[in-house]
Amino acid sequence: MVFTFENVSNLTRKNDDVYFTVLPLEVIKDWGFPIIQSDVIGEDVILVSYDTVESLINKKLQVTNPRFTYKLPNGSVNDEYVVLIVSETQHFPSYCMHQLMSYGRFERLIEKGEKISSNSTKLMTFRSLYDIFKDFQRYRVERSLCPRLAKDLIKYVDSIMSEYPELGYLPVAQRKQFRKKSIADSAIAWYCYIRYFMEQWTEDSQLTNLPRPLLSEEFHYENWQGQFFDRENPVLLVNKGKFKFNDAQRGLIYEIWRQWIKEA
């Protein structure tokens with residue numbers, strides 16, 4: 001079966017495996033794709049997997065063998081949903097992100113548009129969140145273990161949001177005030193938190209205690225001390241307060257942060 005999606009955008013910046021669109025539930029239902037897991041109902045994000053891309057012209061994406069990963073939600077036909085269209089090879093990161101987005105406390109912090117306004121309570125965009133998860137294709141997890149991983153991931157995120165309230169919902173004024181002094185709620189920081197969990201879990205899927213990222217511990221560097229993600233951390237800064245690293249170098253930030261956790 002070959003199907004054409006219209007008005008799609010490429011979700012990843014480095015390849016063409018993942019796309020998304022936003023459509024009313026009525027339109028989505030009319031597609032009539034087969035369902036892979038009919039015992040699970042999708043929530044805020046609808047996952048569609050496919051085998052191959054036939055063409056992408058003027059935001060029209062033609063793929064082979066599309067299917068819904070889960071049953072469609074029981075919403076109003078006029079309700080709009082994000083549809084994530086993923087290659088079968090992207091199943092693991094897409095599955096993890098979908099499950100985390102089903103957790104309302106976290107989902108309310110994700111902006112589904114392209115940008116976050118200066119007066120927003122959101123932490124990152126949907127695209128930024130996917131950029132975090134797509135980096136985790138390195139981890140090999142059996143499909144039968146994915147539900148357990150997703151459940152533990154939600155517990156982990158809930159625990160760090162409870163222990164560090166700045167990572168959860170804050171009113172606009174408080175969010176702005178926090179961001180003046182810290183990047184601990186940024187997409188780069190969340191990459192570190194989630195990767196830390198993934199590493200610990202894939203090493204031991206029978207974890208009895210959830211990993212702790214030690215965000216309130218003091219970091220010492222030469223004559224400076226403070227929390228690692230403080231904006232004044234000289235390890236992260238160069239001249240005139242500019243950051244040494246960008247999203248492309250977040251793996252290096254993680255390695256520095258991970259080493260500090262080991263030594264704390």
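W31 is buried in this predicted model, with a relative accessible area of 14%. Its ring forms an aromatic pair with that of F3, and F3 is likewise buried, at a relative accessible area of 16%. A second pair, formed by Y196 and W257, ties together parts that are 61 residues apart in sequence, because Y196 lies in helix α7 and W257 in helix α8. Both pairs are set out below.

| Pair | Geometry | Centre to centre | Angle between planes |
|---|---|---|---|
| F3 and W31 | edge-to-face | 5.7 Å | 65° |
| Y196 and W257 | edge-to-face | 5.7 Å | 80° |

Over the whole structure, a search finds 23 aromatic pairs. Ring pairs also link a cluster of residues that includes F106, W190, Y193, Y196, F228, F229 and W257.

Several of these names return in the largest nonpolar core, which has 68 residues and in which L84, W190, Y193, F229 and W257 touch the most other members. Among the elements that each supply at least two residues of this core are strands β3 (18-24), β5 (45-50) and β9 (80-87), together with helices α2 (91-101), α5 (146-163) and α8; helix α7 gives the most, with 12 residues. Apart from this core lies another, of 19 residues, among them F5, L25, F68 and Y81. As for W257, when residues up to four places away in sequence are not counted, this residue touches C192, Y193, Y196, P213, L215, F228 and F229.

Strand β1 (residues 2-5) pairs with strand β7 (residues 60-64) in the antiparallel sense over four bridges, and the bridge partner of F5 in β7 is L61. On β7 there is also an antiparallel pairing with strand β6 (residues 53-57), again joined by four bridges, in which V53 stands opposite V63. Strands β6 and β7 form a hairpin with two residues between them, and N58 in the turn has a positive phi of about 50°.

Finally, N233 is found in the loop between β13 (224-226) and α8 (250-263), and counts as buried because its relative accessibility is 0%. A polar atom of the N233 side chain lies 2.9 Å from the backbone nitrogen of V235. Leaving aside neighbours within four places in sequence, N233 is in contact with F219, W224 and F228.

Notes: Residues numbered from 1 in each chain as written. Predicted model: local features only at pLDDT ≥ 70, side-chain atom pairs only at ≥ 80, totals over all residues. Heavy atoms only, no water. Buried < 20%, exposed > 50% of the residue type's maximum accessible area, 1.4 Å probe, protein only. Polar contact = N/O pair within 3.5 Å; in protein donor to acceptor, adjacent residues only side chain to side chain. Contact = heavy atoms within 4.5 Å. Pairing = 2+ DSSP bridges. Core = buried A, V, L, I, M, F, W, Y, C linked by side-chain atoms within 4.5 Å. Phe/Tyr/Trp six-rings, centres within 6.5 Å; stacked < 30°, edge-to-face > 60°.
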